[in-house]
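Here are a few friendly notes to read alongside the model. Take them one at a time, and find each part in the viewer as you go.

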Amino acid sequence: MARRTRGLAFLNSIQTKFVLLFIVVIAPLVAFLIYVNSYARNVVRTQVTDSYEKTLANFINKTDELFMGAEKYLANFMHKELDTANIDYPFREETRNTLIKVRANNKFTYMLNFMPDVDSFTYYSPQSSRLLLTTNHSGYEEKYMAAQSLMNDVASTSHIAFGTSRSAFVTIDDELYLIRIYRDFPDVYLSAWINLHRLLDSLGAVHSAILSGEGAVLASHGLPLERVEQILADRSERDASNPQYFLLSRYSEHQGLRYVILIPSTDVLQNLSFFQKVIYWMPAVIFIIVVFYIAFIRRFLLTPMRTLIRGMQRISHGDLDTRIRMNASNEFNYMNSAFNNMAEEIKSLKVSVYEEQLRVQLAEMKQLQMQINPHFYSNSLNLISGLAQLGDQASVQHMTQLLARYFRYVTSSSRTVLTLKEELDHIRDYLTIQQYRYPEILSFEISMPPELGNASVPPLTLQPFVENSIIHGYQKKTASFRILITCGTEQSADGGSLIAVTLEDNGIGVEPAKLAQLRQNVSDSVSRAAGESRHLGIWNVYRRLSLMFGEQQVSIRFESVDTGGLRVIVRFPLQTA
């Protein structure tokens, strides 16, 4: 219920209504701009991706033709291009092989001029371990050594059938080469080398890569291999709605390779400068408008209204000196002036009522003080009579002195405030009189720090609790009964000092139900007004402490002692008499 009330109060606030009105007005505009920007992005994204799709498809067709052309050339090389069978000059075998290598080199050099995307050609004969490398780029020595190692491995470990080909990869100076190896009669290995990095350069994309059939990144352009692998891993792990890169890929069945183009999302809208500026600046513009709108509303409406409300709250809390300055609009100045006049009138009336209330409270305190009626008067007189009959003159004299001091303290109605030391001395006299009634059974102990002796307290503050302890707590006439009274200080919630007087006995205690009722009735003035007299003494103490120190600063707490008995803690502010 309380949460619902707070929610209704929030919705009924003028500030909330102004903010909601602004949102209703500005929301359609913001939604339209978001829609336009989203539509433009989708259109441009579609156009860009379609363009790159066509570029990638044309490129793969071109590379497929390149590979097929190179493979066809290698298949026809020995029979149609080189024709080694016609080299039958009466030379030695070494000279004949040299002529073959010269003719093959010339053929390869001539063909490289017509196939610029092919980096190199090799001719290898396992029988004579002769290798011929023809290249149209730099790095001849590194390529020759790599080709020698590769061809030896292929000839010794691989089983390539005559008239077939296979692929291999070689890395030289951080550049990857795809090598198509073809085996021909009479046991000769021919190969065409294609630089994959240079092949990606010819694609024309800013960021691109070549992947193997298993998905491993073989070569990349514009991005390091590690970055490409990270991008591909991120896309496979989660379906990003707004990725950093748009990925286009196409697989070549002939080559067994996958070509990938990575388009940065920032480049997709690079031609939409106007929409980009709108996207970038619109949130800032809207934010500035909102700030100025809220500042205007706060300055001329909400702040004066909040100031007026705070003034009313302070008046309701008793701060009658609250005044509001005249610095708002004419309407608020009129309300502020009326508020100040009202506060001045309330203050004048409050002072008069407060003075009258003080006089009434003083009379009430004296009446409550005189209302306390000790229950042991007749018992004390009977005890003195019995001691006199026994001839114990010293006890009679002592008992009479104690009783006289007791009467003098109780009937001193002219004093409404005494010191804590005087109150404890009175309690000591009262308990000493009770010890005459219960010799060798009743014992007590009173302790108080010397610095608390001058603390102010109403008369007869502790006696009702001591009386109740003896009357209700002690019922086993043969068992010892002990009362312990201690005084100390505590810190209040507002940082002040409180006196805590603890009265504890080892009597029969109080049942839980009666203890809860006792705690509830401590400050219940309704039960007192209704005529209930069962807890009149306790209510009397609480009432007089509240009149003296204020109800918020006073507390009386009842607790059950684990070993049996009852503990009463009386707290009130520390004030010096």
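Among contacts in the protein between residues at least 6 apart in sequence, what percentage join residues at least 24 apart?

1. **Contacts along the chain.** The share is 58%, counted among contacts between residues at least 6 apart in sequence. Please keep in mind while reading that this is a predicted model.

2. **The overall picture.** The protein has 577 residues, and 40% of them are buried. Its secondary structure consists of 16 helices and 16 strands. The accessible surface is about 33400 Å², and carbon and sulfur atoms account for 55% of that area.

3. As background, strands of a sheet pair through backbone hydrogen bonds, and they can do so in a parallel or antiparallel way.

4. Look at β4 and β5 (residues 188-195), which are joined in the antiparallel sense by eight bridges. Arg180 is found opposite Ala192 in β5.

5. **Two backbone angles to check.** Most residues other than glycine have a negative phi. Asp174 has a positive phi, near 65 degrees, and is not a glycine. You will find Asp174 in the loop that links β3 (165-172) to β4 (175-184). Leu460 also has a positive phi, of about 55 degrees, without being a glycine. Leu460 sits in the loop between β12 (456-457) and α13 (463-473).

6. **Buried or exposed?** Is Asp174 buried or exposed? Asp174 counts as exposed because its relative accessibility is 73%, and the cut-off for exposed is over 50%. Leu460, in contrast, counts as buried because its relative accessibility is 1%, and buried means under 20%.

7. **A nonpolar patch.** Which residues form a nonpolar patch on the surface? They are Phe287, Ile288, Val291 and Phe292, with about 440 Å² of accessible area together. Ile288 belongs to helix α8 (residues 273-316). With a relative accessible area of 44%, Ile288 is partly exposed.

Technical notes
Residues are numbered from 1 along each chain as its sequence is written. This is a predicted model: local features need pLDDT of at least 70, side-chain atom pairs count only at pLDDT 80 or more; totals for chains, interfaces and linings use all residues. Side-chain values use heavy atoms; hydrogens and water are left out. Patches are made of residues with over 30% relative accessible area and no salt bridge: like charges are joined within 9 Å, nonpolar side chains (Val, Leu, Ile, Met, Phe, Trp, Tyr) within 5 Å. Accessible areas come from the Shrake-Rupley method with a 1.4 Å probe; for residues, only the protein chains shown count as cover. A salt bridge is a side-chain nitrogen of Lys or Arg within 4 Å of a carboxyl oxygen of Asp or Glu. Helices (H or I, at least four residues) and strands (E, at least two) are DSSP runs, numbered from the N terminus. Buried means under 20% relative accessible area, exposed over 50%, partly exposed in between (1.4 Å probe, protein chains only). Contact means heavy atoms within 4.5 Å. Two strands pair if DSSP finds at least two bridges between them.
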